[in-house]
Structure formats: structure tokens, C-alpha cells
Amino acid sequence: MIEACELAPGYVRAIAPYQPGKPVSELAREMGLDENNIIKLASNENPMGCSPLAKQAVEREMRDVARYPDSNGFAIKEAIAKHCSVSPAQIVLGNGSNDVLEMVAKAMLHPGSSSVYAQHAFVVYPLAVQAMGATPIVVPAQIFGHDLDAMVAAIRSDTRVLWIANPNNPTGTFIESDALKRAIARVPSRVIVVVDEAYSEYLSDALRGNTVAWLREFPNLVITRTLSKAYGLAGLRIGYALMHADTAEILNRVRQPFNVSSVAQAAALAGLADQQFVRESAAANAKGMVQITQGVTRLGLSYIPSHGNFVTVKVGAADEIYQRLLRKGVIVRPVAGYGMPEYLRVTIGLPQENERFLSALSESLHT
Ligand SMILES: *Cc1c(COP(=O)(O)O)cnc(C)c1O
């Protein structure tokens, strides 16, 4: 390694790089397959695409790409404020919600502080914590989910941020509203609690609860949401977080001034206005979830019951099965990096994609 890089902080050099889902074009190149014959069920993207209104908004906005975006995102914040019943001052926009998660780490963590998250929790939490040189406190999972009592008990005097993914990726586990609220109430107010709701739109109304209403009671609460999943805008990168206005003011200090593109803001505005598309996506997902979970059960496999748009299946020699699926043009996600070497995570696709996954999996198990 060149000298300048050796002088990078040890905590940065120790970070394990993020492993993204394999792009279709890369697999096509590597295996000499036809791109049109490859299905990607690896990154929890919406198989139905995005709202046609969002596409139209993108085309309109393209006329003005010589201009910088609105740094304060006035119009999209107004729309989010209305959609979520908060004030615009409580919203921070991100280049994906990933960006907001990093802003929380950047604003709140430093070497000498610590941060609590669960075993098997979304990988961005460890990445963000490590990048700041803070000490990770990883709390063992309970049946693959967050052990909230143990997480609260793990808080130390130097702890500044506690992360909860609800539902969690890659396990799909979900914490019911009452239990979540009881746990948040026990976190000292000097500790920021991030509740990451990337898959909120896939929950039934009965399960979703109203975490936003809790912002009044818990000034240390930060709720993150994204347009990448049910809204189908992953490629444009836009997400947001809701919080106390004071916290928003601090996060905005570490935010890049133009972190969310004009095109992404326009698409999000149109996407938010098309709740019908979101409902249809969630309904199709629920059906696809039944199709895949029944299918893997027929193959004699078990899975972790999921509340997201993906399910994590116990296949045994996951790396080998993953490779066999790739050779058949089916991309799923290995989760060995999450400490789950016997599992593969599959995103719920269109009915014919789910069928193709199930038959490819069946063949891969029996060769
Ligand atoms: C996908 C995902 C996100 C967000 O991704 P962005 O595209 O950056 O908005 C956040 N949290 C979890 C748990 C996710 O699975």
C-alpha cells in the first residue's frame, strides 16, 4: 500500500468494503450470458419499477440539469412534511437514506464514543460507526431479530447512537410497535435512537404503527425512510429522515449542500403523489412472498419469516448454491458477511421471476 494510504486512520483501513448485489451487466460479461435472460433478485429493488408519474417527472427535470438542485429541497420537503405530518424543519434529505445514516454517524460519533447495533443488522451501521473511529457494540441477536432489552442494557456512558432496523435487512425480522416504544423510552435522551424504516411501506396498516407521532415524546428519535424500495427509485438515490428540528439542524451541518440531485427530488415528489403505485407494489410483494416461501418450503428448506420485500432462506452451502444460481442467470445475495454463511437472501420479484428462482434453486440443490 502506498505510504499516504498507510497513514489513513487504522479504523478506516480496517473497514471491510460493502458487498453490493452483482449487477446484471457484470454477470453477463463474466459468464457470457444474455443480459435479457438474467434476473436480479439481489438488492431489494421494486420489480415493478417506479410510478409512471415519477418517470415523467424525470424527463421534465432533465431539461434543467445544467442547474444545481435546490440545496434545501423546498418542494420535496413540503410534500414529505404533508405525507408524514411533520414540519419541514424536522426533515433531512439524503442521497439515499444511507446518506442520512452516515450523517448521523458523522455528526454524533467520534473516536472515544460508542454505538450500539444488533448482530445481523443492516451493514451500513457498522460501516458508518467504523468510519468515524467509534467503538461498535454488537448485541447478539435473538432468533435473528434485535434483542431490545440487551441493546438498551448495552448502552454505556460514552454511547451516542443506537441503531434499530425495523424491519431489519437481511433478516426481515420486525419489532411490534408497543415493544419498540417501550425500549425507546428506556434509552437515555442523550443517545440518538435511529429507527430505520426502509421497508415501512410493505407492512400492513395494523403492524406499521405510528413512530412519527413519537417524535414529540422522544427528542432523541431519528426515523429514516427511503424512496429506493417500494417507490422503486433506487437508482436515483433519495431518502429522508424525520427528527427533532434541533437534530435536523445539526445533521444539515455535515450534509453535502447538493447531496440530492434535482432529478431525484422531482421523481420523489411525483412518486410520493402516487400512493396507488406504492399500494400495488406492496400487494404484489405480499403475493410474491407467499409464492417464494411456499416454494422453498416445498423444496424442504426453512426461511426466516420476513416483513420486507425479500426473504432469507437456509440453503446449507450457500456460497456453492449462490454460484450455481449465477450460472443459471439468477442473482441473489449471499449473507455470509452478516455471519449467516448457510443463508441466501432473495428479493421478491415478479411472479415469473419467482418461479424461475424456485426452479433454478431446485436444480441447484440437486446437482
Ligand atoms: C435498502 C435499505 C436502506 C436504504 O437504502 P437507500 O437506497 O440508501 O435509501 C436503508 N436501510 C435498510 C435496512 C435497507 O435495507
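**Ligand site, helix packing and backbone features**

An oxygen atom of the ligand lies 2.6 Å from an N or O atom in the side chain of Ser228, a polar contact being a pair of N or O atoms within 3.5 Å (within protein, one must be able to donate a hydrogen and the other to accept it, and residues adjacent in sequence count only if both atoms are side-chain atoms). The model is predicted, with pLDDT of at least 70 needed for local features and 80 or more for side-chain atom pairs, whereas totals for chains, interfaces and linings use all residues. Residues are numbered from 1 along each chain as its sequence is written, and side-chain values use heavy atoms, with hydrogens and water left out.

For Lys229, an N or O atom in the side chain is 3.2 Å from an oxygen atom of the ligand. At Asn98 a polar backbone atom is 3.0 Å from a ligand oxygen atom. Of the 390 Å² of accessible area that the ligand has on its own, the protein covers 94% (Shrake-Rupley method, 1.4 Å probe; for residues, only the protein chains shown count as cover). The ligand is surrounded by Gly96, Ser97, Asn98, Phe122, Asn169, Asp196, Ala198, Tyr199, Thr226, Ser228, Lys229 and Arg237, where a residue is near a molecule if one of its heavy atoms lies within 4 Å of it. This shell comprises three nonpolar, six polar and three charged residues (Ala, Val, Leu, Ile, Met, Phe, Trp, Tyr, Cys and Pro count as nonpolar, Asp, Glu, Lys and Arg as charged, and the others, Gly among them, as polar).

Helix 6 (residues 97-108) packs with helix 11 (residues 245-254) at an angle of about 95 degrees, their axes being 9 Å apart. Axes are lines fitted to C-alpha atoms, for helices over the stretch in contact, and angles run from 0 to 180 degrees between N-to-C directions; helices (H or I, at least four residues) and strands (E, at least two) are DSSP runs numbered from the N terminus. Helix 6 is therefore roughly perpendicular to helix 11, a term for angles of 65 to 115 degrees. Val100, Met103, Val104, Lys106, Ala107 and Met108 of helix 6 meet Thr247, Ile250, Leu251 and Val254 of helix 11, contact meaning heavy atoms within 4.5 Å. Eight of these residues are nonpolar, one is polar and one is charged.

Most residues other than glycine have a negative phi, and most peptide bonds are trans. A cis peptide bond joins Asn166 and Pro167, with omega about -5 degrees. The bond from Asn169 to Pro170 is also cis, with omega near 15 degrees. Ser85, although not a glycine, has a positive phi of about 60 degrees.

Note on methods. Parallel < 35°, antiparallel > 145°, perpendicular 65-115°, else oblique.
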